Amino acid sequence: MSRDTLMWRIAPPILRTARRPQRVVERNAIVYRRTPMVLISGFFEPLFYLLSIRIGFGALIGDVDFAGRSIDYAQFVAPALMASSAMNGAVYDSTMNIYFKLRYSKTYDAMLASPLGAADVALGEIMWAMLRGFIYSVSFLVCLVVLGMAESWWVLAALPACMLIGLAFAAVGMALTTYMRSWADFDWVPAVTLPLFLFSATFYPLSSYGDFGWIVELSPLYHGAALVRGVSLGIATWGMVAHVAVLSALAATGLSVAARRVETLLLK
Amino acid sequence: MATPASVRVLEMQMLLLKRIWKTNLTLSFLQPLLFFLGMGLGVGSLVNDRPSSAEALGGIPYASFLGPGLLATTAMLTAAGESLWPVLGGFKWDGTYEAMAATRLTAAQVVRGQFLWLGVRMGIAVGGVAIVLAVHPDTRSWGIAPAVAAAMLCGLVFTAWITAWAASREYDTSFSNVQRLVITPLFLFGGAFYPVDSLPDVLRPIAWVTPLWHGVEMCRGFMLHTLGGVDLALHTLVLVAWLIPGWILCDRFFAKRLYR
Amino acid sequence: MKRFGDFEAVKGIDIDVSPGESFGFLGPNGAGKSSTMRMIAAVSPVSEGVLRIFGLDPAHDGSAIRNRLGVVPQADNLDGELTPLDNLIIYGRYFDIPRSECIARARELLDFVQLSDRSAGRVDSLSGGMKRRLTIARGLMNRPEMLLLDEPTTGLDPQARHVLWDRLYRLKQQGVTLVLTTHYMDEAEQLCDRLVVMDAGRIAAEGSPRELITRYSTREVLELRFGAGQNADQESSLIGIGERLEVLADRVLVYADDGEAALREVHNRGLQPESSLVRRSSLEDVFLRLTGRSLEE
């Protein structure tokens, strides 16, 4: 990460102690080199979802009104699905996996005996979650193209948007994971992600929620889905800035909490 | 009278449930409730707005169409979630089954106990859906009770096959692929969320042989009171035909693994 | 002489470790050895007092200190998701060593710890001794100026211990500074040029194994066993034999420069121990003298 980027300047102070978080990414990449099937099968999941939206729900629903125009239902849902899969991937990577390394495998103890520090561990794991998220997002885009659902080059803009979503959810997920006491606590993860998935204006426009729209706006995934939808349909509004701001704030908070907690848990 | 062996296996597993029942019960209700609200009513409002769609669903609200489907998918998802890692773990990490085999239980009894246990887990989850459906006017029906039974039968088929798969594996590497490449497509294309008629011609016959589709159709038939005697017999027959080989495989793999 | 370690680790006592020296902390479990090691390894903050490693403060330069250290923790924390070879390679990468260099060093070190034939398997399939050797190889990946070993042979069978000692002895010959903790006196005698005896978080004595034995013990020790419950009763009749007596639950130790002479004196007094043994003094005796307790109880 270059030290001149905006991300760096707004990053919480503890993260500035990070030296080479990319080594943590490298370690995870070696592990995954052995099990490529997991990444390959990850490609099919979005394909199945997209197909079912298109041939199933699309046939039942037809068009929806969005931003003053009528668009195909699959066109409306696809970006939100892409955002959701970025969220799910990030949450999956940053919760159970990290809990295992934190409490059982002692992977981080070995890292901390080297020049790496707690901030490297936190940042590195989150960068890894983003990288995996990026791979999934690319395969999602490939699916869109294969199914003829990519309308313009704008869909490429969905990639950085999804990486931001991945960053925000991975950071918050990792921060919360440091507070988990047992595996049973992870049963609650879907209790959070499922309502986010279903009620973030994913499957129908914000206007359908009527008076409850403000609750939906509390959902971080709503901001993610709206951002991806906006950029991939090529609709730029000032609201997008707000979406980016919300996700960035989550990412920064999550990262600094995670780094601090890793430090207290491991550097006793 | 002595307690049947398989019930004793169940009792051991129930000790586990005692520790996690609060989380488990809450989630069992939460998940179908959210799906019903989000998909049944939310997506339903978009579907119901369109006259042509109402026709494709047979003139009923979308929630009435989706509700019964949720019974069957919930049974399947529970079976998949509770029969992959927990079964392999029972052999490899926890030693649960070996402890059972060290008593005088036979492999077949351990398998039956495991199925009973899954029956309890599915019962809780499917029961949660049933309560949600019983509350909403679009899905309230006397057919819920037999539909729950049909969903359980459908779930049992998945329990048998997935347990057999897990029991015959040395590592868990294939498990996430089972979820992603078998369970997810069934969930999405098995007729729970929209009629399989909208699937392309090549896919439709595949849907027709899957146990999930038969489970969904049975549940829907019971709840909408459209299930004829022939249909009922046919669906049951197909599900039983799926169940038997899966069960036999379970018995065989458990025996091989416990008494090799 | 270059000063490598200059730290006020425990209760304000200065310890200097010279290059190539092998330095040990000897003490029973719970004497504060592992916490001291974690502080030296710059992974555990010092709650009070001053600690300097390579002249650097771990609170500010922890990363720079760790860059020059090799660490072998008491509990193996090898990466179970990686092969032995990859364990070494990625560990080298944590130190920013170029990949090709990491591979070369990893192969060389696997050879050194006699694990070349196990480089590709699973870490789980290695025995306890192999894992410990692999951890030592990992600790050497960055060519450390100082290698920290926390209880290097605890939990290993005798044969595995000797293999390990042999490798550590070679390292010592190559000029690597070793700092280790142990509660085995034979290990301390084998490996340490100099050591401190630790008890309840403070340092009880410091010196080379020979110095400590000369200073705190006699040349030889006569061990007498009078049978269960009888040992304490014999103390009064033994007074005057040797320089000093130590009565334990299962035996009486008579400290004397000439053990055989002491034994003759015991027989002359008409005492009939069930068994007797004359041996050289060891660090165990030093520890007993200093703390009044046995090391391995």
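## A first look at chains A, B and C

Chain C holds 11 helices and 12 strands; both are DSSP runs numbered from the N terminus, with at least four residues (H or I) for a helix and at least two (E) for a strand. Please keep in mind that this is a predicted model, in which local features need pLDDT of at least 70, side-chain atom pairs count only at pLDDT 80 or more, and totals for chains, interfaces and linings use all residues. Residues are numbered from 1 along each chain as its sequence is written, while chains are lettered from A and ligands numbered from 1 in the order in which they are written.

Let us stay with chain C for a moment. Along the principal axes, its C-alpha atoms fill a box of roughly 75 × 45 × 30 Å. Chain C has 297 residues, and 44% of them count as buried, meaning that 20 or more other C-beta atoms, placed from the backbone, lie within 10 Å of the residue's own. Two residues are in contact if their C-beta atoms, placed from the backbone, lie within 7 Å. Among the contacts in chain C between residues at least 6 apart in sequence, 68% join residues at least 24 apart.

Next come the two sides of chain A that touch its partners. The contact with chain B takes 27 residues from chain A and 29 residues from chain B. Helix H3 (36-61) and helix H9 (188-198) of chain A are the elements that give two or more residues to this side, and H3(A) provides the largest share, 14 residues.

Turning to chain C, 21 residues of chain A are in contact with 20 residues of chain C. Here helix H2 (22-33) and helix H6 (107-113) of chain A each supply at least two residues, and H6(A) gives the most, with 6 residues.

Finally, the interior. A nonpolar core is a set of buried Ala, Val, Leu, Ile, Met, Phe, Trp, Tyr and Cys residues joined through C-beta atoms within 7 Å. The largest one has 228 residues, and those with the most contacts inside it include Ala122(A), Leu71(B) and Leu148(C). Helix H7 (residues 144-167) of chain B contributes the largest share of this core, 18 residues. Leaving aside neighbours within four places in sequence, Ala122(A) is in contact with Met174(A), Leu255(A), Ala258(A), Ala259(A) and Val262(A).

Note on methods:
Buried ≥ 20, exposed ≤ 12 C-beta atoms within 10 Å, placed from the backbone.
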